[in-house]
Amino acid sequence: MLDGSFSVCKAVDFSEIDPSERFNFISTTDEENSLICLTENVPKNVTDRIDNWRALRIQGILDFSLIGILSELLGLLAQARISVAAVSTYNTDYIFVKNCDLQKAIDTLKNANYEIS
């Protein structure tokens with residue numbers, strides 16, 4: 001589990017984002033500019049945001065040949081009726097849950113024999 005509270009945002013652009021800050025998850029599509037970052041680092045030019053997310057990081061570097069790890073975790077959380085946002089990076093995956101669902105998410109994963117630290 002990562003320290004800090006996160007925000008999921010839509011941004012006008014990324015000109016106000018400091019790329020040296022830790023945990024900036026940035027994506028651009030043909031419809032939007034999205035950002036997940038620590039709430040304390042949300043730029044002023046966001047148009048929408050949802051605060052109070054917490055982050056779980058899958059420990060270790062995941063080989064791309066591994067299949068179904070994220071799917072299994074998300075399936076467990078879906079069965080527990082926990083809304084998530086997920087981000088995959090080159091090394092691993094991150095799962096964001098609302099702070100109000102954090103303990104339920106931890107309990108759900110622990111009951112499935114996942115270790116949370």
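Predicted model: local features only at pLDDT ≥ 70, side-chain atom pairs only at ≥ 80, totals over all residues.

Residues are numbered from 1 along each chain as its sequence is written, and side-chain values use heavy atoms, with hydrogens and water left out. An open sheet of six strands is present, with antiparallel pairing, and helix α1 packs on this sheet.

**The sheet**

- The strands follow the order β2-β3-β1-β4-β6-β5; helices (H or I, at least four residues) and strands (E, at least two) are DSSP runs, numbered from the N terminus.
- Two strands count as paired if DSSP finds at least two bridges between them.
- The edges of the sheet are formed by β2 (25-28) and β5 (84-88), each of which pairs on one side only.
- On average, neighbouring strands of the sheet are turned by 30° against each other, direction ignored; axes are lines fitted to C-alpha atoms, for helices over the stretch in contact, and angles run from 0 to 180 degrees between N-to-C directions.

**Strand pairings around β1 and β3**

- Strand β1 (residues 6-11) runs antiparallel to strand β3 (residues 33-38), and five bridges join them.
- Within this pairing, valine 8 has isoleucine 36 of β3 as its bridge partner, and cysteine 9 stands opposite leucine 35.
- Five bridges also join β1 to strand β4 (residues 46-57), again in the antiparallel sense; here the partner of cysteine 9 is arginine 49.
- Strands β2 and β3 pair antiparallel over four bridges, and a hairpin of four residues joins β2 to β3.
- Phenylalanine 25 has isoleucine 36 in β3 as its bridge partner.
- Because six of the six residues of β3 are buried, this strand is largely enclosed by the rest of the structure; buried means under 20% relative accessible area, exposed over 50%, and partly exposed in between (1.4 Å probe, protein chains only).

**Helix α1**

- Helix α1 (residues 69-79) touches β5 and β6 (93-98), and its direction makes about 10° with that of β6; contact means heavy atoms within 4.5 Å.
- Leu70, Leu73 and Leu77 are buried in α1. These residues cover an arc of only 70° around the axis, so they lie on the same side of α1; the arc is that of the directions from the helix axis to the C-beta atoms.
- The buried residues of α1 pack against β5, β6 and α2, whereas the face turned away from the buried side carries the exposed residues Ser71 and Gln79.
- Arginine 81 follows α1 and has a positive phi, near 65°.

**Helix α2**

- The buried residues in helix α2 (residues 102-111) are Leu102, Ala105, Ile106, Thr108 and Leu109. Their arc around the axis is only 160°, which puts them on the same side of α2.
- The cover over the buried residues of α2 includes β4, α1 and β6.

**The cysteines**

- How many disulfides does the structure hold? The structure holds zero disulfides, a disulfide being a pair of cysteine sulfur atoms within 2.5 Å.
- In general terms, a disulfide is a covalent bond between the sulfur atoms of two cysteines.
- The closest cysteine sulfur to that of cysteine 9 belongs to cysteine 37 and is 4.9 Å away, which is too far for a bond. Cysteine 37 is accordingly in no disulfide.
- Cysteine 9 is buried, at 2% relative accessibility, and cysteine 37 is also buried, with a relative accessible area of 0%.

**Glycine 4**

- Where is glycine 4 found? Glycine 4 is in the segment before β1.
- Is glycine 4 buried or partly exposed? At 34% relative accessibility, glycine 4 counts as partly exposed.
- Glycine 4 touches Leu38, Trp53 and Arg54, not counting residues up to four places away in sequence.
- The C-alpha atoms of glycine 4 and alanine 86 are separated by 17 Å, and these two residues are 82 residues apart along the chain.
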